[in-house]
Amino acid sequence: MNTATIDTGKGTSENGIFYPSKVMLDLSKLKKVYPTPKGDYVVLEDLDLQIMKEEFVTIIGHSGCGKTTMLSMIAGLNPISGGNIAVLGNPVKGPGPDRGVIFQSPSLMPWMTALQNVLLGVNQVFSHATKAQRKDIAKYYLHKVGLDGAFDKKASELSQGMQQRVGIARAFAIKPKVLLLDEPFGMLDSLTRGELQDILIEIWNKEKITAVMITHDVDEAIFLADRVVMMTSGPRAKIGDILNIDFQRPRTRKSVLDHPDYYTYRKHLIDFLEH
């Protein structure tokens, strides 16, 4: 007799043997409804998505398709109307240190230094560590994003690109299981954007944290991702298509652009967005 195997997110059980799950983030029958005077507005409906451990997934779709709504629900910042979100099988009930978030605007405390801003999260998550150890963690990640000389500069004195570097350092420093990125480079010029993409992927290659990133940029989606998830237009948005990006890691921009499949992937994404 065949036994069905069910993956709960924590793992599968078959014939009494437990196999650890490869699923880090599980979105099942996800729904988001906003009540309005004219009746319910359904942003997302029946949205199913499983994201694996150490996977980098980018999400694209038209404005208003619910990408940011979905990300904020994963972060625990927006209540779920229906369905379920789980990290390693544990349902998301609210914000938590297992999920780090990098927003389009880094939302730093302007009167605090770069180091103090990163320490805010580190002090909470690593409260058992010594003060010196916590400072070392914060300095390590500021070093990784190229801010060696700016530890003691106030956030208000930093350029937008440098502020976003602090935001990236702060998110990685708490060692989350899942990194959520909501168009983190959307407000930056193309040169700074390229630099920060390279920094992000370099740290991610080392840390191998599961990452989910929203972007409007097709080239950015392809360069960073293992899979690109395409969302249908709202209301009642769901997953429309998923494209596997089969480029070796670590990647360089040149190797991606020179790859024979690059323009096939690009055309696939643009065709989806244009329909």
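## Salt bridges and a hairpin

R249 is partly exposed, with a relative accessible area of 24%. Keep in mind that you're looking at a predicted model. So who does R249 team up with? Its salt-bridge partner is D226, with the closest N and O atoms 3.1 Å apart. D226 sits in the loop between α6 and β11 (227-231), while R249 sits in the loop between β12 (239-244) and α7 (253-258), so this pair ties together parts that are 23 residues apart in sequence. D226 counts as partly exposed too, at 21% relative accessibility.

Now for R193, which sits in helix α5 (residues 190-207). R193 counts as buried because its relative accessibility is 16%, and buried means under 20%. R193 forms a salt bridge with E220, and that pair links helix α5 to helix α6, 27 residues apart. E220 is buried as well, at 3% relative accessibility. R193 also forms a salt bridge with D217. D217 lies in the loop between β10 (210-214) and α6 (218-224), so the bridge ties together parts that are 24 residues apart in sequence. D217 counts as partly exposed, at 24%.

| Salt bridge | Closest N–O distance |
|---|---|
| D226 and R249 | 3.1 Å |
| R193 and E220 | 3.3 Å |
| D217 and R193 | 3.8 Å |

Elsewhere, strands β3 (residues 23-36) and β4 (residues 39-52) run antiparallel, joined by ten bridges. A hairpin of two residues connects β3 to β4.

Key
Residues numbered from 1 in each chain as written. Predicted model: local features only at pLDDT ≥ 70, side-chain atom pairs only at ≥ 80, totals over all residues. Heavy atoms only, no water. Pairing = 2+ DSSP bridges. Helix = DSSP H or I, 4+ residues; strand = E, 2+ residues; numbered from the N terminus. Salt bridge = Lys/Arg side-chain N within 4 Å of Asp/Glu carboxyl O. Buried < 20%, exposed > 50% of the residue type's maximum accessible area, 1.4 Å probe, protein only.
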